[in-house]
Amino acid sequence: MNPTRLRWSTLAALVLAACTHTAATLPAIDPSDDTACALDGMLLRDFAGPKAQIRFIDGKTDYFCDVMELLSEMLAPEQHRATSSFYVQDMGKADWQKPKGHWIPARGAFYVTGSKAQGSMGATIASFGQQADADAFVRQQGGKVLRFDQITLSMLNSTSGGMPSHGMEH
């Protein structure tokens, strides 16, 4: 192959790769002890229940003291920043009172709504990595298991659908 043709082939491959490149999924990062909620400034460490985070393409991370806050951000039509990934904590593995680690992709989680479990703002949505763990939680705490694609913004903004109405007033 002649050198000119090789350069054009290489250039074409690079342009094609750049056009089809999607941002890598950034991994979850555990918050530090002084990490505050992106919406209300509350320290995450001060509250029980599952936490959540958004990883942005620019490498920044927003943390939330409640899963419902993250779900509202994910479903909000005005979400404009380029995101890489969304995470919630797997409460089948994390300690409810002092949750640390056990981050799972938010879109693949099982969510328990309408339970009697308390989080940062009172009643909360619990997130789980396994259906069996979510079902066991429902047997103990009540509620209903939903997948991400079953949750709507209108459910989060009202008391209908077994969802708590807290968190939106931050």
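Two strands pair if DSSP finds at least two bridges between them; strands are DSSP runs of E of at least two residues and helices runs of H or I of at least four, numbered from the N terminus. This is a predicted model, in which local features need pLDDT of at least 70 and side-chain atom pairs count only at pLDDT 80 or more, while totals for chains, interfaces and linings use all residues. Residues are numbered from 1 along each chain as its sequence is written, and side-chain values use heavy atoms, leaving out hydrogens and water.

Select Val112 and Ala126 to begin. Ala126, in β8, is the bridge partner of Val112. Strand β5 (residues 110–113) runs antiparallel to β8 and is joined to it by three bridges.

Now widen the selection to the sheet. It is open and antiparallel, with three strands in the order β8-β5-β9. β8 (126–128) and β9 (144–147) are at the edges with a single partner strand each, so one side of each has no neighbour in the sheet.

Next, select Trp96 and Phe137. Their rings form a stacked pair, 5.5 Å centre to centre with 25° between the planes (rings of Phe, Tyr and Trp, the last by its six-membered ring, pair if their centres lie within 6.5 Å; planes under 30 degrees apart are stacked, over 60 edge-to-face, the rest tilted). Trp96 lies in the loop between β3 and β4 (103–105) and Phe137 in helix α3 (residues 131–141), so the pair ties together parts 41 residues apart in sequence.

Ring pairs link Trp96, Phe128 and Phe137 into a cluster.
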